[in-house]
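Please keep the sequence and the model in view while reading.

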Amino acid sequence: MADRSAVKLNASQPHFLQFNDLACEAIGGKVIFATDEWFAPAQNLLKRGPPEFLASAFTEFGKWMDGWETRRKRIPGHDWCVVQLGIPGVIHGFDVDTSYFTGNYPPSISIQAACLDELSLPSLALEGDRTGMAASESQFEAVSQLHSENWEELISVTELKPGYADSCHNYFSVTFPHRVTHIRLNMYPDGGIARLRVYGVGQREWSTASSQEEMDLVAMVNGGVCVGYSDAHFGHPRNMIGLGRADNMADGWETARRLDRPKMLKVDEKGILQVPGFEWAIFRLGHLGVISNAEIDTNHFKGNFPDSCKIEACCLTSEEEKTFISCKWNNSKGPRWRNLLPPQKLKPHYRHFYSRDSVLQCGPVTHVRLLIAPDGGVSRLRLWGHPVFNNSANLGQASKL
């Protein structure tokens with residue numbers, strides 16, 4: 001089958017946008033404290049969807065805005081909030097999105113981070129519609145126990161750009177190779193922000209895991225991450241490793257229709273379409289492991305599911321991965337993939353389970369490539385297996401990816 005290079009990000013977009021949004025409310029991210037939420041509650045920062053603007057929408061407190069907006073501050077200090085990540089992990093970058101906040105965005109922000117023991121956290125929770133509210137004295141007392149003002153600074157005080165279409169995405173790359181559970185977003189002194197995206201890779205506490213425990217090795221919560229793909233016209237491949245089953249088609253990977261499809265389609269003896277091209281997505285597993293079972297879920301994809309799929313696997317060190325990413329996983333310079341799941345005919349809106357009878361034994365692997373032909377959508381990818389903790393020196397390097 002013919003291959004094609006990975007889609008390139010816009011030159012103005014950083015590479016970390018490929019990673020998972022660790023703070024998204026869809027995976028459990030939540031705001032546990034905010035100084036003020038007069039015009040719009042801070043939890044809006046973590047919505048999965050893009051911000052909206054309704055010109056005629058007002059509340060009793062003022063203009064309705066799809067984001068976090070505080071009142072114009074008339075007391076000492078500045079506004080800030082604390083976000084508990086849905087999945088703890090290593091952060092690679094932020095998108096502080098000021099969409100539609102054109103005359104009311106904060107002049108500058110900073111971001112701090114910490115890794116906290118959940119068992120030692122004070123009771124902090126923001127419930128219900130917080131519009132028109134501010135933190136109470138008791139909430140200030142509780143959050144003071146976190147000493148968040150002393151957390152590690154990931155982004156120093158930096159000016160923001162206004163929320164016009166060509167300037168709303170304020171990207172910040174981060175080099176902080178440590179596990180993070182909470183972040184503190186400071187805005188100086190007040191204003192509105194539409195979304196906060198925290199891009200990174202989940203980091204599970206592998207010290208508590210057993211090599212006898214079967215788990216989904218590619219799951220976002222276990223540290224799985226998309227590191228390359230051919231096309232993501234309607235939905236990013238990272239959606240496939242999210243929590244639970246997909247809410248709708250937007251919560252999955254969907255490609256454009258390939259333009260090299262034959263004018264007249266034909267099938268082989270197994271009923272699989274014979275087409276010249278395919279689409280692909282590559283994932284790094286959360287840990288080196290042996291895969292024994294797979295699930296391909298086409299939930300919601302009823303008229304746009306792929307005709308067939310297959311899965312390949314390989315074992316790479318972190319340096320090898322960097323090399324292949326730099327060459328866009330080009331076939332001539334790419335890794336030597338091994339068949340994990342031979343070509344399988346797919347059904348619409350259906351959970352396909354593949355056990356040891358279908359899944360080939362590849363030994364310990366670090367990366368997988370899902371190929372779909374000719375194109376279409378997949379809502380979830382699950383790869384069940386066992387982590388490997390002691391192996392050769394080369395594989396030991398790979399397990400630290």
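Is Phe 33 buried or exposed? Phe 33 is buried, with a relative accessible area of 1%, where buried stands for under 20% relative accessible area, exposed for over 50% and partly exposed for what lies in between, computed with a 1.4 Å probe on protein chains only. The model is a predicted one, in which local features need pLDDT of at least 70 and side-chain atom pairs count only at pLDDT 80 or more, whereas totals for chains, interfaces and linings use all residues. Residues are numbered from 1 along each chain as its sequence is written, and side-chain values use heavy atoms, with hydrogens and water left out.

**Aromatic pairs**

A pair of aromatic rings is described by the distance of the centres and the angle of the planes. Rings of Phe, Tyr and Trp (for Trp, the six-membered ring) are paired here if their centres lie within 6.5 Å, and planes under 30 degrees apart count as stacked, over 60 as edge-to-face and the rest as tilted. By this rule the count comes to 8 aromatic pairs. One of them is the edge-to-face pair of Phe 16 and Tyr 171, with 6.4 Å from centre to centre and 75° between the planes. Phe 16 lies in the segment before strand E1 (20–21) and Tyr 171 in strand E11 (residues 169–173), so this pair ties together parts that are 155 residues apart in sequence; helices (H or I, at least four residues) and strands (E, at least two) are DSSP runs, numbered from the N terminus. Phe 16 counts as buried at 5% relative accessibility, while Tyr 171 is partly exposed at 25%.

Phe 33 and Phe 140 also form an edge-to-face pair, with 5.2 Å between the centres and 70° between the planes. Because Phe 33 lies in strand E2 (residues 30–34) and Phe 140 in helix H1 (residues 137–144), the pair ties together parts that are 107 residues apart in sequence. Phe 140 counts as partly exposed, at 36% relative accessibility. Ring pairs also link Phe 16, Tyr 171 and Tyr 199 into a cluster.

**Charges over rings**

A charge is taken to sit over a ring if NZ of Lys or CZ of Arg is within 6 Å of the ring centre and within 35 degrees of the ring normal. The cases listed are these.

| Charged residue | Ring | Distance from ring centre |
|---|---|---|
| Arg 184 | Trp 80 | 3.7 Å |
| Lys 347 | Tyr 350 | 4.6 Å |

**The largest pocket**

Rolling a probe the size of a water molecule over the atoms shows where empty space is left. A pocket is, on a 1 Å grid over the protein atoms alone, an open set of points where a 1.4 Å probe fits, with protein on both sides within 12 Å along at least five of seven lines, and its lining residues have an atom within 4 Å of a point. About 950 Å³ of space lies in the largest pocket, the volume being the space filled by probe spheres set on the points, which are joined across faces, edges and corners. Its lining has 36 residues, of which Arg 48, Arg 197, Tyr 199, Arg 238 and Asn 239 lie nearest the centre. E1, strand E7 (79–97), E11 and strand E14 (195–202) each supply at least two residues of this lining. The lining divides into 15 nonpolar, 11 polar and 10 charged residues, with Ala, Val, Leu, Ile, Met, Phe, Trp, Tyr, Cys and Pro counted as nonpolar, Asp, Glu, Lys and Arg as charged, and the others, Gly among them, as polar.

**Helix H2**

In helix H2 (residues 318–326) the buried residues are Glu 321, Phe 324 and Ile 325. Seen down the helix axis, these fall within an arc of 100°, so they line one face of H2; the arc is that of the directions from the axis to the C-beta atoms. Glu 319, Lys 322 and Ser 326 are exposed on the other side of H2.

**Backbone details**

The peptide bond from Tyr 188 to Pro 189 is cis, with omega near -10°, and Pro 189 is found in the loop between E12 and strand E13 (192–193). The bond from Ala 373 to Pro 374 is likewise cis, with omega near -10°. Lys 328, in the loop between H2 and strand E20 (338–345), has a positive phi near 60° although it is a residue other than glycine.
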